[in-house]
Amino acid sequence: MVCVVGAPNFAAALMVAYKRPPLRCILQPKKHLAFSPRMMNLQSNASDEVEGSPWDHKGLLQSKELYQYVLETSVYPREPAPLKEIRAITENHPDFYMGATPDSGQLIAMLLNLMNAKNTIELGVFTGYSLLLTALTIPDDGKILAIDPDRQSYEMGLPVIEKAGVEHKIDFKSSPALPVLDKLLEDKKNKGSFDFAFVDADKTSYGIYHERLMQLVKVGGLIVYDNTLWYATLVMPEESVDELMRPDRSFLLEFNKFLAADTRIQISQVTVGDGMTICRRLF
């Protein structure tokens, strides 16, 4: 994942949002512990028993108990050990809050299996949770074009990817996404060549990426956008949202409307993680 806002300031903005009633009921820790930026982590040491972090309850369900029930009953027991390890590693990253949630990962894996995806593209890699998830799911001769300018974060999770034996499926490009997408489109053979795309990158570029991906993903293929509900701020009055979060909030409000009106796709916006919008290319 690529974020255009510095980690400390953005984390502070999220804490402001967290303290407001509309978001507090979503991100409320299971145990009532003192809140601090360091607590905004993933499951420490990949343990599913560690509690006290609002990021353990990043989902948008209004009942924290229900969300925890989903994680503990259906998600954690089936989460592969390498993905748990990636979550533990991500805890030590200064931008740890950008890690993908395991429940959203579980849905992505099912989508990949349902469509027998083999050739995929990922915009925004971060430490590699969703990338590893995809690599574990697609066939041994499948390929993932993974694009992120932050090689250092990718290399944090790379040892886990190598240990899992799936590095050969990954073509990592340390670059902003747009130049790579435009380069792909110069070759007509790349048009319609991807089965699946996952986008967890800079939010204000989602619209630009969408037009490129609509050419690169085949008819019947899927494009999945992450964070399309933006920590529940989309339904908050603008004046109550921290200024650091407003630009992406404003863009996502418009982007969601755009996707809903785009007749080229079938869509479903689901409330796992921080909201994901699944787009199926129709023509």
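These are my notebook entries on what I looked up in a predicted model of one protein chain.

**Ground rules.** I number residues from 1 along each chain as its sequence is written, and in this predicted model local features need pLDDT of at least 70, side-chain atom pairs count only at pLDDT 80 or more, and totals for chains, interfaces and linings use all residues. Side-chain values use heavy atoms, with hydrogens and water left out.

**Overall make-up.** I looked up the secondary structure and found 10 helices and seven strands. These are DSSP runs numbered from the N terminus, with helices being H or I of at least four residues and strands E of at least two. Of the 283 residues in the chain, 56% are buried. Buried means under 20% relative accessible area, exposed over 50%, and partly exposed in between, with a 1.4 Å probe and protein chains only. I also checked contacts, meaning heavy atoms within 4.5 Å. Among contacts with a separation of 6 or more, 70% are between residues 24 or more positions apart.

**Nonpolar cores.** A nonpolar core here is a set of buried Ala, Val, Leu, Ile, Met, Phe, Trp, Tyr and Cys residues joined through side-chain atoms within 4.5 Å. Which residues touch the most other members of the largest one? In this core of 33 residues they are Ile 121, Leu 123, Tyr 209, Leu 213, Ile 223 and Tyr 225. Elements giving two or more residues to this core are β1 (119–123), β2 (143–147), α8 (177–185), β4 (194–199), α9 (206–216), β5 (217–226) and α10 (246–261). I then followed Leu 213 and, not counting residues up to four places away in sequence, found that Leu 213 touches Ile 121, Leu 123, Leu 181, Ala 197, Val 199, Ile 223 and Tyr 225. A second, separate core has 32 residues, including Ala 100, Leu 132, Leu 133 and Phe 196.

**Helix α8.** I listed the buried residues of α8 as Ala 177, Val 180, Leu 181, Leu 184 and Leu 185. They cover an arc of only 135° around the axis, so they sit on the same side of α8. The arc is that of the directions from the helix axis to the C-beta atoms. The cover over these buried residues includes β1, β2, β3, β4 and α9.

**Aromatic pairs.** I paired rings of Phe, Tyr and Trp (its six-membered ring) if their centres lie within 6.5 Å, with planes under 30 degrees apart counted as stacked, over 60 as edge-to-face and the rest as tilted. The count came to eight aromatic pairs. Phe 96 and Tyr 97 are edge-to-face because their ring centres are 6.0 Å apart and their planes are at 75°. Phe 96 is buried at 6% relative accessibility, and Tyr 97 is buried at 2%. Tyr 154 and Phe 172 are stacked, at 3.9 Å centre to centre with 5° between the planes. Tyr 154 is in helix α7 (residues 151–163) and Phe 172 in strand β3 (residues 170–173), so this pair ties together parts 18 residues apart in sequence. Tyr 154 is buried at 5%, and Phe 172 is buried at 11%. I also noted a cluster in which ring pairs link Tyr 206, Tyr 225, Phe 251, Phe 255 and Phe 258.

I used a 1 Å grid over the protein atoms alone: a cavity is a set of points where a 1.4 Å probe fits but cannot get out, a pocket is an open set with protein on both sides within 12 Å along at least five of seven lines, and lining residues have an atom within 4 Å of a point. Grid points are joined across faces, edges and corners, and a volume is the space filled by probe spheres set on the points. The structure holds five cavities of 30 Å³ or more. Of its 12 lining residues, Ala 100, Val 125, Phe 126, Tyr 129 and Ser 130 lie nearest its centre.

I followed two of these lining residues. Ser 130 lies in helix α6 (residues 129–137) and is buried at 7%. Leaving aside neighbours within four places in sequence, Ser 130 is in contact with Glu 122 and Phe 198. Phe 126 is in the loop between β1 and α6, is buried at 3%, and has a positive phi near 55°.

The largest pocket holds about 250 Å³ of space. Of its 15 lining residues, Arg 78, Pro 80, Gln 106, Ala 109 and Leu 133 are closest to its centre. Helix α5 gives the most to this lining, with six residues.
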